[in-house]
Amino acid sequence: MTTINGEVAPGFEPVREAFMANFTQHGDIGAAVCVYWHGRPVVDLWGGVADPETGRPWTRDTLQLVYSATKGATATAAHMLAERGMLDLDAPVAKYWPEFGANGKADIPVRWLLSHQAGLVALDEPLPLPQALAWEPMAAALAAQRPLWTPGTAHGYHGRTWGWLVGEVIRRVSGRSPGRFFADEIAGPLALDFFIGLPASERSRVSRMVYRRPAVDLTTVPAEAVPEELREQVAAWRDPNSFSNRAFAVTDPAVIDFDSPEVQAAELPSSNGIGTARALARMYAALIGEVDGVRVITPETLASATREQAGGKDQVMVIPSRFGTGYMLPTEGNVMTGPNAFGHTGRGGSLAFADPQHGIAFGYVMNHIISGSDDARAAALTEAVRKSVA
């Protein structure tokens with residue numbers, strides 16, 4: 001049986017029970033969960049195996065790559081710059097990044113980059129991976145790229161390109177790479193164990209990921225056998241030219257090994273943040289209140305950041321999605337802990353968010369990457385949090 005380590009404050013025992021059930025019933029291999037409530041930690045748990053190949057156990061300081069949960073950290077950096085008056089979210093991107101104005105993009109505001117409305121989900125020609133990891137070639141390719149729909153008329157999840165788009169604006173405005181800015185201005189003051197661009201000195205602490213595909217690959221079954229509510233989504237997966245596929249094929253090769261040292265050391269502000277559940281929960285706690293005397297942005301900035309900018313059918317995910325300015329907002333498929341929550345999921349199960357109404361900040365990370373709709377782990381934990389604060 002998996003040993004669960006850490007602490008739970010009185011009243012939050014349901015979260016420990018749900019965390020244990022994730023190992024015994026829902027496939028967790030190594031994982032951690034942390035909850036802050038009104039600025040103080042009330043859940044800090046970890047357990048399992050960090051590296052199934054060696055048997056290395058998951059410890060208090062194990063680091064986990066969280067895929068798109070990174071976007072919440074990057075968005076926070078952008079809002080900090082906006083609050084300081086260095087970045088106008090409603091100004092054209094080309095004001096800060098002149099080359100971006102090419103190919104009909106001169107009037108796209110920064111806010112549309114953050115809220116997935118720019119129509120830049122893919123490249124006409126994918127870029128060799130080493131060039132993408134080097135940053136400047138990918139920024140140049142996106143600056144030259146034509147939008148794939150009329151910007152502002154629809155939204156679609158910019159799964160990979162979002163990080164270079166928003167990150168280049170951060171770099172142009174601050175004079176620092178997005179990972180460096182996050183380290184200096186957010187991770188440092190809050191003592192966060194979270195990196196966008198992993199230092200070599202931290203490599204030994206990172207878990208090794210294990211990938212599980214759905215039991216049934218719906219793209220291989222006859223169309224009439226696909227449940228009706230999934231047919232449009234499955235049709236998009238089957239089409240190599242769909243936005244659903246192209247959005248995650250902006251590099252050559254399209255499949256990126258996120259366990260590799262080269263990928264973890266690069267700055268991919270949409271998808272390669274590496275840290276602890278504790279760091280994610282603490283960052284979100286500092287977005288909705290003070291944590292040890294530090295608050296990241298003001299309530300007014302936060303209210304603007306979490307106001308819905310795009311909602312409805314997503315052109316990439318082909319399901320309903322909702323976005324504020326950089327943060328995901330609750331949907332039927334990801335309710336978090338209530339309608340006022342905001343945060344971001346990551347591929348395969350990770351989740352980090354805050355709920356100002358309930359004073360909750362939450363982080364969950366794990367190394368078993370589960371694809372498909374049968375992953376109940378994060379939802380079980382957030383339901384347990386809701387019960388604990390009810």
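Me: Against which helix do the buried residues of H9 pack?

Reply: The buried residues of H9 pack against helix H10 (243-246). This is a predicted model, in which local features need pLDDT of at least 70, side-chain atom pairs count only at pLDDT 80 or more, and totals for chains, interfaces and linings use all residues. Residues are numbered from 1 along each chain as its sequence is written, and side-chain values use heavy atoms, with hydrogens and water left out.

Me: What makes H9 a helix, and which of its residues are buried?

Reply: Helices are DSSP runs of H or I with at least four residues, strands are runs of E with at least two, and both are numbered from the N terminus. H9 covers residues 231-238, and Gln233, Val234 and Ala236 are buried in it. Buried means under 20% relative accessible area, exposed over 50%, and partly exposed in between (1.4 Å probe, protein chains only).

Me: Why are the buried residues of H9 said to line one face?

Reply: Seen down the axis of H9, they fall within an arc of 155 degrees, so they line one face of the helix. The arc is that of the directions from the helix axis to the C-beta atoms.

Me: Why is H2 described as largely enclosed?

Reply: Of the 14 residues of H2, 12 are buried, so the helix is largely enclosed by the rest of the structure. Among them are Lys71, His79 and Met80.

Me: How do you know what span to expect of H2?

Reply: The expected span is 1.5 Å times one less than the number of residues. H2 (residues 70-83) reaches 20 Å from its first C-alpha to its last, close to the 20 Å expected. Gly85, with a positive phi near 80 degrees, follows H2.

Me: Why is His368 called buried?

Reply: The relative accessibility of His368 is 9%, so this residue counts as buried. His368 lies in strand S16 (residues 368-370).

Me: What does the side chain of His368 reach?

Reply: It reaches the backbone oxygen of Gly27 at 2.5 Å. Contacts of His368 (heavy atoms within 4.5 Å) include Ile29, Val210 and Arg377.

Me: What makes S5 and S7 edge strands?

Reply: The open sheet has three strands in the order S5-S10-S7, with antiparallel pairing. Strand S5 (64-65) and strand S7 (194-195) each have a single partner strand, so one side of each is left without a neighbour in the sheet.

Me: How do you know that S5 pairs with S10?

Reply: Two strands pair if DSSP finds at least two bridges between them. Two bridges join S5 to S10 (residues 274-275), and Leu65 stands opposite Ile274 in S10.

Methods. Polar contact = N/O pair within 3.5 Å; in protein donor to acceptor, adjacent residues only side chain to side chain. Lists of a residue's contacts leave out its neighbours within four places in sequence.
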